[in-house]
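Dear colleague,

I am handing over the structure we spoke about, which you will find just below. After it I have set out what was found, going from the whole chain to single residues.

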Amino acid sequence: MSLTHLTDRNQLHVLKEQLRLFAFDGSPFPSSDMLKDAHQSLSKRERLSTLLEGELDFHGENSQYASHDLHSFAAKFPPQLPRAFIRGLTNPDDIVLDPMMGSGTTVVEALIEGRLGIGLDIDPLALRLCRVKTTPMNVDDLREIGYKVISKAQILLSSAEILDQELTKRFDERTKKFIDYWFLPDTQRELVALVLAIQDVNDALIKQFLELTFSSIIITKSGGVSCARDLAHSRPHIDSAKVPKNAIEQFSLRLRKNLKSIAQLKLNGHPARVEAGDARAMPFGDESIGLIITSPPYANAIDYMRAHKFSLVWLGESIVDLSDLRAEYIGSERVSKFQYGALPEKPEHIIHQLAERDKAKAGILRKYFIEIRSVLAEMQRVLRPNSAAVIVVGTSIMRSIDVQTHSCLADIADRLGFDVVGIAKRNLDRNKRMMPARFGKKSDSMIEQRMHEEYVIGLLKPESPRENEHAKP
Ligand SMILES: C[S@@+](CC[C@H](N)C(=O)[O-])C[C@H]1O[C@@H](n2cnc3c(N)ncnc32)[C@H](O)[C@@H]1O
């Protein structure tokens, strides 16, 4: 081996170390000078593979800074994860997209890092949450109006008759049935008193913040002020022994916490864009995005709407509309308008294996892969050439078969023309990433068996399409 070769290799090693040091640095704004060399001297592919080789577990790191902890959300990823890829793969002012943004972790990180963050989701609560999380606000105004809302709700609470009338006329029959099942009469009065008080707030942004604070007292690990046993894990079960806490007191506590959180959020260049839409038909132009970081739902695992409707019904949505929307979620078991079709060899093989044990589950898995393929095709379309997509996904065990979601997705992405730069494994911090817990005794529960690790797939859209691309199925 020549001396020059050795020197080049050493230099490459140093550059990769510099990149990792910078991207995984815990401080909010590490010196960007540190990174300049690495950015200029390493190709996008080298940077992506270097980051994938980094420590992606992030156990023990604080994930509650800035506005990240305003509201519970199942299967959030740690903010350090998008942050590392944003720092390592983009420059200030670049556009970073999460087309299934959930609670908006990627979008908040993009905002903090001075990139233009764009988030897309179909879930009404995700949209409300991300809009608030990415909007710096005047905390003094929020505090003043927030405490006026609390006093008003307390006053309203003394007129039980008026509140009962409001509860009768406010909801359609099915929505009221749902509310009566999950909320005790006293809690209903406390909640409707808060809703009425928030309704009168004129400032739209402050109102959104207070509505979100309201929602965060219902959707919690313990099921909040509802009679559900668990909502953050999105598998509500009624707990008839539960004595819910006073909703107005809970709102007051949560308001104090949320004021502290939002006070930490500062604009660093670009306001974020948060849009309602379907990741299978993104409302963005071709080749307009510099980096995608996202985490799709797992196959047939988390039913977001099942938990989110607990607060959305109080914020003006009807149970029927919310149930209809469910079919549009990737991974749902409901029939969707999207067409089925053939997949690459690996997913086809796993689907056939599964079909021998359970035809219905095999159908659900096919639908999931086809839906994800539509999302990947859209990612390919909107990404600029030589730009990366980072996809975080766990596998699922269905009828004792590991469906290897990560490698199936990588094969599908490869067929669409992405270069699969690498797949890294990350161990989940089970205390942090809130995944659905198992209920019942089914030892085969794919939910329980999926929870220990997940994968980070690094994809690169090549500078120009690979040859014979369309010859592939
Ligand atoms: C695993 S969560 C994302 C969590 C996110 N990474 C975070 O840190 O909060 C997946 C998200 O995909 C969204 N989703 C499901 N189907 C979708 C679709 N067809 N289009 C856009 N988003 C969708 C869900 O509403 C959910 O918010």
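Of the 473 residues in the protein, 46% count as buried, and please keep in mind throughout that this is a predicted model. The secondary structure comes to 17 helices and nine strands. Among the contacts with a separation of 6 or more, 77% are accounted for by residues 24 or more positions apart.

Let me turn to the ligand. It is surrounded by 23 residues, of which Met100, Gly102, Ser103, Thr105 and Asp123 are the closest. Sorted by class, this shell around the ligand holds 13 nonpolar, four polar and six charged residues.

On the side of α10 the contact is made by Thr187, Glu190, Leu191, Ala193 and Leu194, while α12 contributes Ala247, Ile248 and Phe251. Taken by class, this contact of α10 with α12 has six nonpolar residues, one polar and one charged.

In the other pair, the axes of helix α7 (residues 139-157) and helix α11 (residues 204-216) come within 10 Å and cross at roughly 60°, and α7 is therefore oblique to α11. The crossing of α7 and α11 is right-handed. Here the residues in contact are Asp141, Leu142, Ile145, Gly146 and Val149 from α7, together with Ile206, Phe209 and Leu210 from α11. By class, the contact of α7 with α11 is made up of six nonpolar, one polar and one charged residues.

Helix α4 (residues 80-89) is mostly covered, with ten of its ten residues buried. Those buried in α4 include Arg83 and Arg87, as well as Leu81, Phe85, Ile86 and Leu89.

As background, most residues other than glycine have a negative phi. Aspartate 93 has its place in the loop between α4 and β1 (95-98), and it is classed as exposed because there are 11 other C-beta atoms within 10 Å, where 12 or fewer is the cut-off for that class.

Asparagine 386 likewise has a positive phi without being a glycine, with a value near 60°. Its place, however, is in strand β5 (residues 383-393). Asparagine 386 has 14 other C-beta atoms within 10 Å and therefore counts as partly exposed, a class that lies between the limits of 12 or fewer for exposed and 20 or more for buried.

Finally, there is serine 318, which lies in the loop between α13 (304-312) and α14 (319-325). Serine 318 has 17 C-beta neighbours inside 10 Å, so it counts as partly exposed. Which residues does serine 318 contact, leaving aside its neighbours within four places in sequence? They are Asp172 and Thr175. For threonine 175, the C-alpha atom is separated from that of serine 318 by 5.9 Å, although these residues are 143 residues apart along the chain.

With best wishes

Technical notes. Residues numbered from 1 in each chain as written. Predicted model: local features only at pLDDT ≥ 70, side-chain atom pairs only at ≥ 80, totals over all residues. Near = placed C-beta within 6 Å. Nonpolar A, V, L, I, M, F, W, Y, C, P; charged D, E, K, R; others polar. Contact = placed C-beta atoms within 7 Å. Helix = DSSP H or I, 4+ residues; strand = E, 2+ residues; numbered from the N terminus. Axes fitted to C-alpha atoms, helices over the stretch in contact; angles between N-to-C directions. Parallel < 35°, antiparallel > 145°, perpendicular 65-115°, else oblique. Left-handed = near helix turned anticlockwise from the far one by under 90°.
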